[in-house]
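Colleague: Could you take me through a few of the labels used for this model? I'd like to hear what stands behind each one.

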Amino acid sequence: MAYMLPHYIVNQGHPSPVLDYVWDITRGGKDFQYDPTELIVKMLDATIRSKIALCIGVHEWIIWRYHHLSDDVRPFQIAEAAWCGNIESDYMIYYELPLGERGPIQSVLFNSMVCVGKVLKYTAEYKGEWADSLGYLVSMAMHILPDPKPFEEWLECVTDRLVLLYPAPEDDPYEDIFNDHEEERRGPLVAREALDPSFDYHPTQAPELLDNFLRNVWPISSGRIPTTNPFLRSPEELMELGIEHPYRVLPPESPEWRK
């Protein structure tokens, strides 16, 4: 798997192995102290695709919290697949995870993975799905991170950026009642670098950045071993679904297209 946590999270160092938070699966999010209302209102003004990107970005912070405490590879695989699915929804195989362990690590990771899957699968159909998932993910991250301040600073920075660069268009609820134009309604592509405060990002860079990301996920022409991510469809499956150039964003005739 080519996926790696972003440097702006990894550079925070190793989080404390001490679990100093209350976790009771039967209480849902009742022990969370953070109120995500202001964040949700702010993100109302951003495109669907940028809202999904933010959810994946919060999931990456949650992965980082436990990456030395858990050997479960699924949170990483789902993060990689989710970034692909936010480029083209057919890339990702949507999933229902067995509940499994209920401890204060595995249960948090499970909830984070479920939220990411739901926001990708249901946001176009259910208008409130992104808000429920984003609100829960952020509240959970604030609850479990040993020092939530760097996360909070990152969150403020990237939400300002997403609202500025990816403003939501006017949405007519009767314009696409059968979701025939789901991909277009999600808005323009959002690269992972949009969530990196140190990267001088502009939306025009997204196609090339994402093309590079996909070429590393599934290096079709490089001779390297392709991904073994069980949450991603193979190029053959994607071609059967009508995707002419799987795991590419730029068309072959583009001057930026590279094998």
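Modeller: Gladly; a few labels follow, each with its cut-off. This is a predicted model, where local features need pLDDT of at least 70, side-chain atom pairs count only at pLDDT 80 or more, and totals for chains, interfaces and linings use all residues. Residues are numbered from 1 along each chain as its sequence is written, and side-chain values use heavy atoms, with hydrogens and water left out.

Colleague: Why is His59 called buried?

Modeller: His59 has 0% relative accessibility, and buried means under 20% relative accessible area, exposed over 50%, partly exposed in between (1.4 Å probe, protein chains only). His59 is therefore buried. This residue lies in helix α3, residues 48-66; helices are DSSP runs of H or I with at least four residues, numbered from the N terminus.

Colleague: What is His59 in contact with, leaving aside its neighbours within four places in sequence?

Modeller: Pro75, Ile78, Ala79, Ser112, Met113 and Val116, where contact means heavy atoms within 4.5 Å. The His59 side chain also reaches the backbone oxygen of Pro75 at 3.1 Å.

Colleague: What makes the span of α9 close to the expected one?

Modeller: Helix α9 (206-217) has 12 residues and reaches 16 Å from first C-alpha to last, against 16 Å expected. The expected span is 1.5 Å times one less than the number of residues.

Colleague: Which element do the buried residues of α9 pack against?

Modeller: They pack against α4 (74-85); among them are Leu210, Phe213 and Leu214.

Conventions. Helix = DSSP H or I, 4+ residues; strand = E, 2+ residues; numbered from the N terminus. Polar contact = N/O pair within 3.5 Å; in protein donor to acceptor, adjacent residues only side chain to side chain.
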